[in-house]
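Hi there,

Here is the structure I promised to pass on to you. Have a look at it first, and then read on for what I found.

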Amino acid sequence: MKNENTVETLNKLITINNDRVEGYQTASENSEEVDLKTMFSQFISTSQKCKRELEEEVNAIGGNTSDDTKTSGKFFRAWMDVKAALTGKDRKAILDSCEFGEDKALETYDDVIKDEFQYLGANQKNMIVDQKSLIKKDHDHVKSLRDALAAS
């Protein structure tokens with residue numbers, strides 16, 4: 001039973017990282033701004049790293065990893081907003097949408113830490129806290145770009 005809860009918890013984080021990869025790939029494909037493409041590529045790398053670590057943990061305890069994304073509801077609309085913003089070449093709208101997506105990723109990590117940490121071992125907890133820190137850094141980068149744009 002404990003392993004099932006652990007696998008489910010880790011798969012939630014795999015899913016949010018799948019969402020980030022998919023969202024930023026879409027954003028990158030639709031952007032012509034080199035600095036944004038570079039940033040999106042870095043964010044994809046962050047999520048691919050997190051996803052690999054999570055999958056290794058799931059596999060180590062004999063679970064099946066998730067290939068899913070949450071392409072419904074608010075998260076899906078956020079990435080569609082990114083695509084629409086990119087089409088309109090509205091840098092502020094792009095950054096607003098990216099920050100919204102980053103907020104959702106951080107919320108998922110926060111929910112796991114708050115509600116599901118009891119299902120995880122010490123090494124898994126440390127890994128998740130470290131991953132949240134990486135995603136927070138990405139979030140803060142987007143926010144600083146957006147804030148700088150708003151200030152100018």
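This is a predicted model: local features need pLDDT of at least 70, side-chain atom pairs count only at pLDDT 80 or more; totals for chains, interfaces and linings use all residues.

Let me begin where helix H2 meets helix H4: Asp35, Leu36, Met39, Phe40, Cys50 and Leu54 on the H2 side touch Arg91, Ile94, Leu95, Cys98 and Tyr109 on the H4 side.

H2 covers residues 34–60, and its axis lies 13 Å from that of H4, at an angle of about 10°. An angle under 35 degrees counts as roughly parallel, so H2 and H4 are roughly parallel to each other. The crossing of H2 past H4 is left-handed.

H4 (residues 91–115) also packs with helix H5 (residues 122–151); here the axes come within 9 Å and cross at roughly 155°. H4 and H5 are therefore roughly antiparallel to each other. This crossing, too, is left-handed. Its contact residues divide into 13 nonpolar, two polar and twelve charged.

Now to the charged side chains. Side chains of opposite charge can pair when their charged atoms come close. How many salt bridges are there? The count comes to 15, and three of them are described below.

- Arginine 146 and glutamate 99 form a salt bridge, with 2.1 Å between the closest N and O atoms. Because arginine 146 sits in H5 and glutamate 99 in H4, the pair ties together parts that are 47 residues apart in sequence. Arginine 146 counts as buried at 17% relative accessibility, and glutamate 99 counts as buried at 9%.

- Lysine 143 pairs with aspartate 147, the closest N and O atoms being 2.9 Å apart. These two are four residues apart in helix H5, which means they are separated by about one helical turn. Lysine 143 is partly exposed, at 31% relative accessible area, and aspartate 147 is also partly exposed, at 31%.

- Lysine 12 and glutamate 116 meet in a salt bridge at 2.5 Å, N to O. Lysine 12 belongs to helix H1 (residues 2–30) and glutamate 116 to the loop between H4 and H5, so that this pair links distant parts of the chain, 104 residues apart.

One more thing to look for is a network of salt bridges that links Lys92, Asp96, Glu99, Lys143, Arg146 and Asp147.

Enjoy exploring it!

Best wishes

Conventions: Residues are numbered from 1 along each chain as its sequence is written. Side-chain values use heavy atoms; hydrogens and water are left out. Axes are lines fitted to C-alpha atoms, for helices over the stretch in contact, and angles run from 0 to 180 degrees between N-to-C directions. Angles under 35 degrees count as roughly parallel, over 145 as roughly antiparallel, 65 to 115 as roughly perpendicular and the rest as oblique. A crossing is left-handed if the near helix is turned anticlockwise from the far one by less than a right angle, and right-handed if clockwise. Ala, Val, Leu, Ile, Met, Phe, Trp, Tyr, Cys and Pro count as nonpolar, Asp, Glu, Lys and Arg as charged, and the others, Gly among them, as polar. Contact means heavy atoms within 4.5 Å. A salt bridge is a side-chain nitrogen of Lys or Arg within 4 Å of a carboxyl oxygen of Asp or Glu. Buried means under 20% relative accessible area, exposed over 50%, partly exposed in between (1.4 Å probe, protein chains only).
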